[in-house]
Amino acid sequence: MAERAGSRASVSPFDQPQSVSDYATNLAAAKCYLGWDNPVVLNLACGSDTRTAFWNLDVVRQWPNSPRPCDLLWDARTNVIPFPDGSIDAIVAGYLLLHVSLPHHEPLMREAFRVLKPGGRIELG
């Protein structure tokens, strides 16, 4: 199919659905290229899945099979996410909702959206 004159020849990676991990990687590359600061990405209730270039938060400092400790101790049932409103580019929460009871889900989601920047992404497992 021929492209119309003036249409984009390629599609930006940000136009395609992608995981938060891919989004964070692409966002970091774009910000680096543009000379911006690195993105702030949270990994909530990280467990042993501590990730490089993410803020890893968990209720346990370091799980036995984790390669390194979490960055911040955080109890999803009682603590607010310790970041200012609208300061987070993306959030990964792979097992968060699985490990807290149902009454905590709505306050947790409200808290996640509080810290998320407009246009930010959340990946729930």
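Asn 56 is buried, with a relative accessibility of 0%. The model is predicted. Asn 56 belongs to strand 2, which covers residues 55-58.

Two polar contacts can be described for this side chain. One is made with the side chain of Asn 43, at 2.9 Å. For the other, a polar atom of the Asn 56 side chain lies 3.3 Å from the backbone oxygen of Phe 54. Beyond its neighbours within four places in sequence, Asn 56 touches Asn 43, Cys 46, Asp 49, Thr 50, Arg 51, Arg 68, Cys 70, Asp 71 and Leu 72.

Two residues named above also meet each other. Arg 51 lies over the face of Phe 54, 5.5 Å from the ring centre.

**Strand pairing**

Asn 43 stands opposite Val 92 in strand 4. Strand 1, residues 41-44, runs parallel to strand 4, and three bridges join the two. Strand 4 is also joined to strand 5, residues 116-124. That pair is parallel too, with five bridges. Ile 88 has Leu 116 of strand 5 as its bridge partner.

How many of the residues of strand 4 are buried? Six of the six are, so strand 4 is largely enclosed by the rest of the structure. Strand 4 spans residues 88-93.

**An aromatic pair**

The whole structure holds one aromatic pair. Its members are Trp 55 and Phe 83. The ring centres are 5.6 Å apart and the planes meet at 70°; the pair is therefore edge-to-face, as planes over 60 degrees apart count as such.

Trp 55 is partly exposed, at 37% relative accessibility. Phe 83 is buried, at 14%.

**Accessibility of selected residues**

Asn 38 lies in the loop between helix 1 (20-34) and strand 1. Its relative accessibility of 59% makes Asn 38 exposed, because the cut-off for that class is over 50%. Asn 38 and Asp 89 are 51 residues apart in sequence, yet their C-alpha atoms are 9.6 Å apart in space.

| Residue | Relative accessibility | Class |
|---|---|---|
| Asn 56 | 0% | buried |
| Phe 83 | 14% | buried |
| Trp 55 | 37% | partly exposed |
| Asn 38 | 59% | exposed |

**The chain as a whole**

The chain has three helices and five strands. Along the sequence they follow the pattern α-β-β-β-β-α-α-β. Of the 125 residues in the chain, 33% are buried. The accessible surface comes to about 8000 Å², and carbon and sulfur atoms account for 58% of that area.

What share of the contacts with a separation of 6 or more comes from residues 24 or more positions apart? That share is 48%.

Note on methods: Residues are numbered from 1 along each chain as its sequence is written. This is a predicted model: local features need pLDDT of at least 70, side-chain atom pairs count only at pLDDT 80 or more; totals for chains, interfaces and linings use all residues. Side-chain values use heavy atoms; hydrogens and water are left out. Helices (H or I, at least four residues) and strands (E, at least two) are DSSP runs, numbered from the N terminus. Buried means under 20% relative accessible area, exposed over 50%, partly exposed in between (1.4 Å probe, protein chains only). Contact means heavy atoms within 4.5 Å. Accessible areas come from the Shrake-Rupley method with a 1.4 Å probe; for residues, only the protein chains shown count as cover. Rings of Phe, Tyr and Trp (its six-membered ring) pair if their centres lie within 6.5 Å; planes under 30 degrees apart count as stacked, over 60 as edge-to-face and the rest as tilted. A charge sits over a ring if NZ of Lys or CZ of Arg is within 6 Å of the ring centre and within 35 degrees of the ring normal. Two strands pair if DSSP finds at least two bridges between them. A polar contact is a pair of N or O atoms within 3.5 Å; within protein, one must be able to donate a hydrogen and the other to accept it, and residues adjacent in sequence count only if both atoms are side-chain atoms.
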